[in-house]
Amino acid sequence: MLEMENVTKLYRTDLVETRALKDLSLVVGAGEFVAVTGPSGSGKTTFLNVAGLLDAFESGTYRLDGEDVSRLSDRRMSRLRNEKIGFIFQSFNLIPDLDVADNVEVPLRYRGLSGKERRQRVDEALGSVGLLARRNHLPSQLSGGQQQRVAIARVLAAKPRLILADEPTGNLDSAMSREIMDLLEEVNQAGTTVLMVTHDPASADRAHRRLHLFDGQLVESSAVVKPLVRPAAAGHGAASA
Amino acid sequence: MLAYHLRLAWLSVRRHPVLSALIVAGIALGVGLSTWALTVRHVLSRNPLPHKDETLLYVRMDAWDPAVDPPHTGGIPTQITYRDLRGIMESDLPLRQAGSYVSNLYVYPESPDVRPFRELVRLTWSDFFPMFEVPFRYGGPWDEAADARPEAVAVIGSEVNQTLFGGENSVGRTLRLRDREFTVVGVLDDWRPSIRVYDLTQNPTVPPEDIYIPFNWIEPMELQTSGNIDGWRSTDGETFAERIAASESVFIQMWVELADPGDRAAYQSFLDAYAADQKRLGRFQRPLDNRLTPIPELMEELEVVPEQAQAMAAASLLFLLVCALNLIGLFLGKFLARAPQVGVRRALGASRWNVFLEHLLEAELVGLAGGALGLGLAAGGLALLNRAMAEQLASDAYFRLDGTMLAAAVLLSLVAGLVAGLYPAWRICRVPPARHLKQA
């Protein structure tokens, strides 16, 4: 699904040049659930931005779903982001002026789907996160957990091949975190690749594999030993991706 | 997608009502002033007979003093002499021809209840009325026989008809001009040409005269001009007829209407031949210069649109540009404050073009709102101008917005929105999406 080879990312100011990613090479297979861990400043978010085609890189090659994305036009990259990648952010990143349904609809608008198909997908996705009844609420009228579920519904509606989650439980309490992780797990089980940056060991433990970054380099890639019994899931419908 | 972008733009406008109102006010001020100034220019430059541009021609002949240039612009007198009018009226080439001038006379009503009053009377030929498409409510123009004799007939305008006859059909009634009774043969309908094109030597925005009589009353009634007159040589003669026949004073506006634009060369040759004959008689001592000028060129030459109006229009456009340029900063601040949200949209699949279009549409939306408000300001300003210049204008709503100016205002609003929003929209679409995602 995702192959990086010797990817280097620099941040330059007038005085300083910082290598945020140093010759990073890794492969994430289709359908994997990978946790990316590492201390602050280790390059996790930069890695996620590069992987999500939100940031350019200086050298190396990056293949996304078999396509070399090293030198694509903005239009093509936007298209790839829209069709293949779904983002979940720590601070939810819902658009405050749009109601829940309109927020979920945003990627579908840029894909140019018909109104009928958009409505169908939005309702399906909101139903799967248990928020169909809140479709006309504004984000400010929802709790943090509900907002993150809307963000997940936004991803589900777009049916991406890859989900990039940046600290998806970072702003949530433990019960809500478990709920969100359950949702992500269900999406992954339906075949969607999930790449999740996290500081939370409990969340990282839910992944199949853990990548540990330090100082812009991959220092460890290890399989996670799954617990035999998962914590009880919060009440929500089955996720489909 | 356009509707979606417009909706997002509207949401953004609503999110910052004070800032949006400031921007709208800035554009309204610029568009309002520009539309006001452009409307003044537009009204003053409107040709009332555009379909006659190739056939209706103003005649000028240079019989001026060989030692001194004639006054005014263009190097040629703007009117012709009485003797030249007589000479060139001999031609049967034009479909219609009419010289005219105004004289200020006392009008003595039939009714003893109405006091005599002074009125500008235009002396002209019967061809004048169809030539300038003068509308009649009752009756019509006099005929060629009345021109020739002349007969004591008159055409009156609606205001004089109201004053003298209470607005009734007054054809056949009489009015006395000085010491002579004239029979009314026609009453004009409301005739308010945008420009009084038949006499551009005077203020062209005033209403047409309200009384017309045959030109040939000039000699029997010894009617002096009350319009512009220029002369360069004194004239001897015992009688009015002798003096005017020999006069080199120019005071007559001469128009010809040709049946076909192709006749112009032939009529020009006729004028040149006439001037050559006169040269042999000792007149026309300057280089041969006889001109036939269509209305648009004449309006330009005689500066019907005053230079001040032109300058005001240019200055107002400059002001609009300055307003729009000043709004760049406001738009830039507004758009860049939204960078985190734009980052989210970019992450969800919006291209730079999508972001650019969305923000440019917002600027255009605000521009149009400013334009709508500006149109209100312009309409108010024009009403004030009409009131301030009431005595010099043909109607109470002389300067008014028409379809062309409404379209111009919309265009100006869009251009102002474009100027104000183009750079900020470009800047926000170039912001790297990753930079602000953490702040969203």
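Chain A has an average pLDDT of 87, and 92% of its residues score at least 70; pLDDT is the predictor's confidence in each residue, from 0 to 100. This is a predicted model, in which local features need pLDDT of at least 70, side-chain atom pairs count only at pLDDT 80 or more, and totals for chains, interfaces and linings use all residues. Residues are numbered from 1 along each chain as its sequence is written, while chains are lettered from A and ligands numbered from 1 in the order in which they are written. Helices (H or I, at least four residues) and strands (E, at least two) are DSSP runs, numbered from the N terminus.

**Confidence in chain A**

- Two residues are in contact if their C-beta atoms, placed from the backbone, lie within 7 Å.
- Where pLDDT is low, the predicted coordinates should not be read in detail.

**Contact between the chains**

- In chain A, 20 residues are in contact with 18 residues of chain B.
- On the side of chain A that touches chain B, the elements giving two or more residues are α2 (74-84) and α3 (100-111).
- That side of chain A has 7 nonpolar, 6 polar and 7 charged residues. Here Ala, Val, Leu, Ile, Met, Phe, Trp, Tyr, Cys and Pro count as nonpolar, Asp, Glu, Lys and Arg as charged, and the others, Gly among them, as polar.

- The 15 residues of α5(A) should span 21 Å at 1.5 Å a residue, and the end C-alpha atoms are 22 Å apart, which agrees. The expected span of a helix is 1.5 Å times one less than its number of residues.
- α5(A) is mostly covered, with 12 of its 15 residues buried. A residue is buried if 20 or more other C-beta atoms lie within 10 Å of its own, exposed if 12 or fewer, and partly exposed in between, with C-beta atoms placed from the backbone.
- The buried residues of α5(A) include A:V150, A:I152 and A:L156, and the buried set packs against β6 (85-88), α3, α4 (115-128), β7 and α6 of chain A.
- Just after α5(A), A:K159 has a positive phi of about 50°.
- Helix α6(A), residues 174-189, has 16 residues and reaches 22 Å from its first C-alpha to its last, close to the 22 Å expected.
- Among the buried residues of α6(A) are A:R178, A:E179, A:E186 and A:N188, as well as A:I180 and A:L184.
- The partners of the buried residues of α6(A) are β3 (33-37), α5 (144-158), β7 (162-166), β8 (193-197) and α7 (201-204) of chain A.
- A:G191 follows α6(A) and has a positive phi, near 115°.

**Helix packing in chain B**

- Helices α10(B), residues 307-336, and α13(B), residues 403-430, have axes that come within 8 Å and cross at roughly 35°. Axes are lines fitted to C-alpha atoms, for helices over the stretch in contact, and angles run from 0 to 180 degrees between N-to-C directions.
- The crossing of α10(B) with α13(B) is right-handed. A crossing is left-handed if the near helix is turned anticlockwise from the far one by less than a right angle, and right-handed if clockwise.
- The contact of α10(B) with α13(B) involves 19 nonpolar residues, 1 polar and 1 charged.
- Helix α2(B), residues 17-44, packs with α13(B) at an angle of about 145°, their axes 10 Å apart, and this crossing is also right-handed.
- The contact of α2(B) with α13(B) divides into 8 nonpolar residues, 7 polar and no charged.

**Backbone exceptions and one exposed site**

- Most residues other than glycine have a negative phi, and most peptide bonds are trans.
- A:N6, in strand β1 (residues 2-12) of chain A, has a positive phi of about 55° although it is not a glycine.
- B:E303 lies in the loop between α9 (295-301) and α10 of chain B and has a positive phi of about 50°.
- The peptide bond from B:R149 to B:P150 is cis, with omega near -15°; B:P150 lies in the loop between α5 (144-148) and β6 (153-156) of chain B.
- B:A145, in helix α5 of chain B, is exposed, because 11 other C-beta atoms lie within 10 Å.
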